[in-house]
Every structure is written in structure tokens, then in C-alpha cells.
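Welcome! Here is a short tour for anyone meeting this structure for the first time. Take a look, then read on.

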Amino acid sequence: MAHQVRAVVARGKGAPVSLETIVVPDPGPGEALVKVEACGVCHTDLHYREGGINDDFPFLLGHEAAGVVESVGEGVADVAPGDFVILNWRAVCGSCRACRRGRPWYCFHTHNATQKMALLDGTELSPALGIGAFAEKTLVAAGQCTKVDRAASAAVAGLLGCGVMAGIGAAINTGNVGRGDSVAVIGCGGVGTAAVVGSALAGAAKIIAVDIDDLKLETARKLGATHSVNSRATDPVEAIRELTGGFGADVVIEAVGRPETYEQAFYARDLAGTVVLVGVPTPEMKLELPLLDVFGRGGALKSSWYGDCLPSRDFPMLIDLYLQNRLNLDAFVTETVQLDEVEKAFARMRQGDVLRSVVLL
Ligand code: APR
Ligand code: ZN
Ligand code: ZN
């Protein structure tokens, strides 16, 4: 039996999204049908809508979601109907080279549902990041469901499905921030602020938030930044050096995704320090650095894909910390909206006045 549900679809490049009825098949082997309860609005959804990812319209948008498993297909053992789950886009395959080398957080071959969701006229949909959760129900690979404690609200849990996990993971997984470290975070939107929170969680002694917007800096300070620098007014490299005894930070996390801010990150770290790029650049961007500085400053230049997270390891742990009041995730939900308000949320995101808008279903 197929299910007809309401969902947010992007039909063509740059066109406003529309609320449509879509058809979701019952789960086949290895698949799970999830009743979505909440789904955050992420920049990537807007990129899909603008044709910036690929041209496989129509897209079923939404990918930062939590909900309850309604039914599962043949051979699914890890989740069962009734489980409260966060959806992930790293359903590790277990057999690619990264998985076989024991580094599944890099899995190069993650799983998605095999069957297609479709419009009423039969046109197949492309789900954003293999999820598609601005929908009352969605079909995913069972491995895309990570069971977590039901005591967390769906709005908060869903955040871990993408941006907030990317930021926290950039600090704790990719940057290996440890007790006593100095950290600078350049760009304090949802992702950068999550990197601030992750650094605090990991025991960083000094956390310097950098942004061009004072409101963002204020929020970052509330959530754990010990210092803040408005880089519109002040040279951030100088400021970070001054705040770290002239050395630079042990770890600098770039959460904007631009050459200028990457260069700031590169020079704002101490010798042998680490740069983590979690902001996503666009294809035309180029970086130029003196190779002698790359050599002479040593250390590590890393990128963080989805916070190098392993959903089965990281989601339940972070939800537990949240429930113990050791991790403030509530602050990331700036507003909750309805399914027909995704365009409005995109507009607010463009203005830069939200960490996250979350659709409640
Ligand atoms: N210097 C410092 N901060 C900047 C600069 C700059 N030159 N330009 C923009 N910013 C700040 C903005 O003021 C904003 O606070 O960077 C932040 C970007 O935040 P958001 O737009 O909310 O984006 P976010 O969801 O945090 O994602 C950041 O990570 O996952 C990627 O695609 C995502 O590239 C994006 C980045
Ligand atoms: Zn794999
Ligand atoms: Zn996202």
C-alpha cells in the first residue's frame, strides 16, 4: 500500500517551493517508513531549490529531521516500528574502503531507499541528501534511522541530523579539540555556533568567536565563547593572536566557506595547529597561499564532512548529554514553523536572523 502525504517540493530552478501531495511506497527490503515530526531548514535545501547542487528536479526538500518509525521492510533488524529516530545521511555501508579500514565516518557509499517517492502523476522525486523530510512521511534506508531517547523533543533531535552535528563534529571529531585548548571559530551561524558549543563540551579553555554580525557574536558568547571579535571592525588574525598570548589558536574552525576566511583561519592558528574547514565553498572559489607558509607553519589542514560523525555513535551520546543539561541544543531552535512556511524560513535564513527555523509536522 502506498501512502499519500503532504510534502514540500522544489519543481524548478529558483522557483518558490510548493506544498504537494506525494506518494510514498511501503518499505521494501532494508527500508523504513518514518512519520516525520520535525525538520530543520538548512542552507543546502535552498541550494537544491536554486539548482546549485544538481538539476534533478523535482526535489523533495528537508533533511534535518526526527520522527517515529512507522513500518520497516524485510531484513531490517536495527530499528523497529515505534522507535524515535534521527534521520542521517551517512548510513554506513560496511563494505567500502573507508568502512573496511575501520573509518566508517568517512563511508564513501552510504545507503538510501531503493524505491522512489513520486508526485501524484508518477514523476519521481529526488529527496534532498537522500532524505526528503519536509513531508508527513518519508521513505529511507533503515540505516539512515538512528534511534535516540524519546525524551528529547523532535525539533531539537532533528538538528543533529545535519548542521548542528557538522559544527559539533568539526570541533570534537575533526579538530580533536581537547581540554585546555584554545579555539577560534570564524563564522557563527548555526554551524559555527555549534562548533563553539562542541569546543566548550570538549573542555577548550579559550573559545574565540569571530563574525561580522554582533548579534551572532552575542549568541555565541551565551553558548560558550569566552571572547568575541567582530571582523568587520577588527583584523581577526591580529585579534586572535593577541588573545592567545601572541601565538594563535590551537584549532581554528572555518564555518563560512570562503577563501578570505580560510586564509584568516590559516594565519590565526599557532605553529603546528589545526585548521578545520566545515563551511562549504562554491566551485569557482580559489585559494592562494605561500607554499613556504604551508610548510613552515606545520600542523594540519583538514576538512570536516558532516562533522566526521558516525551517527550510531554520536547521535545517542549527544542526545544523552542534552537530556543531562550538559549540552544546550534548545538555543539553536530560533523558531518553529508550519510545513507551508518553508519559503518564509528561507527568506529569514537569507537575512541571517535565525540559527535554525524548524518545521513541525
Ligand atoms: N567573516 C566572518 N563571518 C562571516 C563572514 C566573514 N567574512 N561572512 C559571513 N559570516 C558569518 C555570517 O554573519 C553568519 O553568522 O558566517 C555565518 C554563516 O552562518 P549561516 O549563514 O547561518 O550558515 P550556517 O548554517 O552556519 O553554515 C555555514 O557551513 O555547512 C556549511 O553550507 C554551510 O557554508 C555554510 C557554512
Ligand atoms: Zn562504507
Ligand atoms: Zn543540512
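This is a predicted model: local features need pLDDT of at least 70, side-chain atom pairs count only at pLDDT 80 or more; totals for chains, interfaces and linings use all residues.

**Helix 5**

- With 12 residues at 1.5 Å a residue, helix 5 should span 16 Å, and this agrees with its end C-alpha atoms, which are 16 Å apart.
- Helix 5 is mostly covered, as 11 of its 12 residues are buried.
- Among the buried residues of helix 5 are G190, V191, G192 and T193.
- The elements that cover the buried residues of helix 5 include helix 4, strand 11 (182-186), strand 12, helix 6 (214-222) and strand 14 (249-254).
- Just after helix 5, G203 takes a positive phi of about 95°.

**A closer look at A194**

- A194 is found in helix 5.
- A194 counts as buried because 32 other C-beta atoms lie within 10 Å, and the cut-off for buried is 20 or more.
- Leaving out residues up to four places away in sequence, A194 touches G163, V164, G167 and I168.

**The largest nonpolar core**

- The largest nonpolar core has 123 residues, of which V185, A195, V196 and I253 touch the most other members.
- Helix 4 gives the most to this core, with seven residues.
- Domain 1 (3-161 + 328-360) and domain 2 (168-304) both give residues to this core, so it lies between them.
- Not counting residues up to four places away in sequence, I253 touches A170, A171, G175, V183, V185, I186, A195, V276 and V278.

**Two domains**

- The protein chain is divided into domain 1 and domain 2, and their C-alpha centres lie 29 Å apart.
- The contact takes seven residues from domain 1 and eight residues from domain 2.
- On the side of domain 1 that touches domain 2, there are four nonpolar residues, two polar and one charged.

**Backbone details to look for**

- Most residues other than glycine have a negative phi, and most peptide bonds are trans.
- F57 and P58 are joined by a cis peptide bond, with omega about -5°.
- P58 has its place in the loop between helix 1 (43-49) and strand 4 (59-60).
- N176 is a residue other than glycine with a positive phi, near 50°; N176 is found in the loop between helix 4 and strand 11.
- N176 has 15 other C-beta atoms within 10 Å, so N176 is partly exposed.
- A272, also a residue other than glycine, has a positive phi near 65°, and the place of A272 is in strand 15 (residues 269-277).
- A272 counts as exposed because it has 10 C-beta neighbours inside 10 Å, where the cut-off for exposed is 12 or fewer.

Conventions
Residues are numbered from 1 along each chain as its sequence is written. Chains are lettered from A and ligands numbered from 1 in the order in which they are written. Helices (H or I, at least four residues) and strands (E, at least two) are DSSP runs, numbered from the N terminus. The expected span of a helix is 1.5 Å times one less than its number of residues. Two residues are in contact if their C-beta atoms, placed from the backbone, lie within 7 Å. A nonpolar core is a set of buried Ala, Val, Leu, Ile, Met, Phe, Trp, Tyr and Cys residues joined through C-beta atoms within 7 Å. Domain bounds come from an automatic or database domain assignment. Ala, Val, Leu, Ile, Met, Phe, Trp, Tyr, Cys and Pro count as nonpolar, Asp, Glu, Lys and Arg as charged, and the others, Gly among them, as polar.
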